[in-house]
Amino acid sequence: MSDLAEGFDALAMTQDLVHANGHEIRCEPAAARFVARPGDTLLKAGLAAGLSLPYECASGTCGTCKARLLEGRVDSQWPDAPGLSERDRARGDRILCCQSVPSTPCRIQVVLGEPMAKPKPQEWRAVVVERAALAHNVIRLRLRVAEACPFLAGQFMLFELPAGRRAYSMSNAPDAGATLEFIVKRKLAGRGSGYLFERLAVGDDLTLEGPYGHAHLRADSERPIVGIAGGSGLGPVWSVIQTALHCASERPMHLFFGVNEAADLFHDDEFRALAQRHPRLRVERVLLRRGAADPADCRIGTVSQVALQQLDDLTGCDVYMAGPPAMIDAALRDTVLAGKAAADRVFFDRFY
Ligand SMILES: Cc1cc2nc3c(=O)[nH]c(=O)nc-3n(C[C@H](O)[C@H](O)[C@H](O)COP(=O)(O)OP(=O)(O)OC[C@H]3O[C@@H](n4cnc5c(N)ncnc54)[C@H](O)[C@@H]3O)c2cc1C
Ligand code: FES
């Protein structure tokens, strides 16, 4: 065989190898490159390679991870994902990096952020070790992964469920261990939460991907912490507060936990126990609707308005928020848009 033919054979073998191990993705205009392994979304592969691809929900809904596909082909895990508008679809070259799995090498146009030192997302096999009812429509899941699973307080995982992927936020403080806890609310007729409530049992296996998320504790800050949580939005905010309480600093902390009515309240014992041990933590429970048998210490109103009634101005604080999108949007209007909190010190997750 000639040298040239041998060269072509070697090239073909290298290309086969690259194909088996994934596809090369080139990002413009930054001229960055990474390899997406088979089955990986562009988002997971890019973050795992250390690039700061833009995203928020990682679940196809917010549209933050939108990019332009300049060359190559991708398959969407959720072709109808609402993160792309009708106009985006009509353009034909718009994709969601959190839903797109490349089937060829690709060239994409996307604006990269500043690189940040965060745990890289990867796949985890987990087993359910506890499933406890916290309220009529809320459970706590405790999962064990095979090895220590690094995450930052406030981050979330994607659960692989029969209905597709769903995001759930860790509610425990990260430690060296391999336990992950989640607070899950059942959505009426929801397919993902319905599965977790009706089908999932102790001993079952689950596949997770993560960690993801930007609303994580800024542990190097000395500013007071204000947590504003709606329903199962308590999960990531509780993780942030527990973790910050273990830090050496003496930052004051104020948690506002809002639900619709008294029957939806949960976590009372945990609030009491932690506030007793740490006098710098104050917890306020907030009910949206007044009822006949409301606990006397609950406040009434929207959770962000009650936070502002109590603290007046949050501009000197770090604010962590999580909950339903409408609640977060109202809280952002009440705080950031009203000049009552600093936009770059408010960290939030909308639970789409
Ligand atoms: C960052 C983040 C963190 C979250 N953390 C929590 C938490 O800690 N606790 C909690 O209770 N909830 C959390 N949620 C909400 C959770 O992910 C689910 O949206 C919720 O449980 C309802 O899902 P469902 O399947 O029951 O309802 P459904 O109505 O069946 O689905 C609701 C959501 O699932 C997604 N979805 C729908 N169809 C598809 C599909 N075919 N493929 C992929 N995705 C699809 C969409 O995002 C949609 O809004 C979080 C959401 C986000 C974005
Ligand atoms: S991050 Fe992809 S749609 Fe929200």
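Two residues are in contact if their C-beta atoms, placed from the backbone, lie within 7 Å. Of the contacts in the chain with a separation of 6 or more, 69% are made by residues 24 or more positions apart. The model is a predicted one: local features need pLDDT of at least 70 and side-chain atom pairs count only at pLDDT 80 or more, while totals for chains, interfaces and linings use all residues. Residues are numbered from 1 along each chain as its sequence is written, and chains are lettered from A and ligands numbered from 1 in the order in which they are written.

**Overall form**

The secondary structure comprises 8 helices and 19 strands; helices (H or I, at least four residues) and strands (E, at least two) are DSSP runs, numbered from the N terminus. Along the principal axes, the C-alpha atoms fill a box of roughly 90 × 45 × 45 Å. The domain assignment, which is automatic or from a database, gives the bounds tabulated here.

| Domain | Residues |
|---|---|
| domain 1 | 3–109 |
| domain 2 | 122–212 |
| domain 3 | 225–350 |

Taken over C-alpha atoms, the centres of domain 1 and domain 3 are separated by 38 Å.

**Burial and core**

A residue is buried if 20 or more other C-beta atoms lie within 10 Å of its own, exposed if 12 or fewer, and partly exposed in between, with C-beta atoms placed from the backbone. Of the 352 residues, 38% count as buried. A nonpolar core is a set of buried Ala, Val, Leu, Ile, Met, Phe, Trp, Tyr and Cys residues joined through C-beta atoms within 7 Å. The largest such core has 87 residues, and those with the most contacts inside it include Ile228, Val319 and Met321. Helix H5 (residues 234–246) gives the largest share of this core, 6 residues. Not counting residues up to four places away in sequence, Ile228 touches Phe256, Val303, Ser304, Ala307, Val319, Met321 and Ala331.

Alanine 292 lies in the loop between strand E16 (281–287) and strand E17 (299–300). Alanine 292 is exposed because 5 other C-beta atoms are within 10 Å.

**The ligand shell**

Ligand 1 is surrounded by 28 residues, the closest being Gly164, Gly190, Gly192, Ser193 and Ser232; a residue counts as near if its C-beta atom, placed from the backbone, lies within 6 Å. Two or more residues each come from strand E11 (164–169), strand E12 (179–185) and helix H4 (191–198). The largest share, 6 residues, comes from E11.
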